[in-house]
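Here's a quick look at one pair of packed helices and the pocket beside them. Open up the model and follow along.

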Amino acid sequence: MQERSLETRVSQAVDAWLRWLPRWEPSTHRGRVAPCRRCFGSPVLSAAGLGTDVPHGVQHGLSTRIKTIVDQSVADYTARNLPMLQSELDQQAARNRARTYRPAEDLDPEFEGLPLDPEPTPGAPFLFTIAGLAEEADADVPALPPLSDEAKAALRQEVGLADDYANMVGREVCTILLHHRLRIQAAVTQYVEPQIEAMLADLTRSLDAPFDPHEPEDAAGPD
């Protein structure tokens, strides 16, 4: 029953990603230096056939949807079997709800987990950042009560069990994704590759003709 349910959820996640993919467009802003921790080296993306030659925005939309499935499965397991960890999570959730500013919540899958602010331009610092405002709001909320050494040890044990379960679900998800590789790759071929080829063609034309061909020759500058 659990396996069929997991297979259905993965299929629905892939379906949702396929409906979104035709709206994807290449990013025109400056790229980030640091790789995305969610997508870089992800076994989920490897199982889906989305390699490093696929733009990150395309990868992120699928990896986030699959991560949500794993997170929900682990949450159900935790609620049923790990009372101490569940209590800690409930307290943390209540603390999060008490924050007055929560910019990272309720984002579309294509943006969830990404940095809240763009990379700063050297020599032009931000007057303020969204991440900084969120940290200020977090500082106003009281911290959770400390745990005893015994409680910490028990909590670490339950966290380990939750991690083991997450790894198990992750392996099952990757196996299921193998059955969706063909339609995932077909969609990339249809919607992504033509846009990348068009960008490369534009770049080639701009390198071959750096000046406007309609511009007078003497307008390009002195000899």
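A contact here means heavy atoms within 4.5 Å, and helices are DSSP runs (H or I, at least four residues) numbered from the N terminus. With that in hand, Ala75, Thr78, Ala79 and Asn81 in helix 3 meet Pro83, Leu85, Gln86 and Leu89 in helix 4. By class, that contact has 5 nonpolar, 3 polar and no charged residues (Ala, Val, Leu, Ile, Met, Phe, Trp, Tyr, Cys and Pro count as nonpolar, Asp, Glu, Lys and Arg as charged, the others, Gly among them, as polar). The axes of the two helices, lines fitted to C-alpha atoms over the stretch in contact, come within 6 Å and cross at roughly 120°, on a scale from 0 to 180 degrees between N-to-C directions.

This is a predicted model, where local features need pLDDT of at least 70, side-chain atom pairs need 80 or more, and totals for chains, interfaces and linings use all residues. Residues count from 1 along each chain as its sequence is written, and side-chain values use heavy atoms, without hydrogens or water.

Confidence is given as pLDDT, from 0 to 100 for each residue:

| Part | pLDDT |
|---|---|
| Protein | average 86 |
| Helix 5 (residues 130-139), lowest | mean 81 |
| Helix 6 (residues 149-177), highest | mean 97 |
| Residues 219-223 | under 50 |

Now the second largest pocket. Its lining has 15 residues, with Asp71, Leu89, Ala93, Asn96 and Glu105 nearest the centre. Helix 4 gives the largest share, 6 residues. A lining residue has an atom within 4 Å of a point of the pocket, an open set on a 1 Å grid where a 1.4 Å probe fits, with protein on both sides within 12 Å along at least five of seven lines.

How values were computed
pLDDT = per-residue confidence, 0-100. Helix = DSSP H or I, 4+ residues; strand = E, 2+ residues; numbered from the N terminus.
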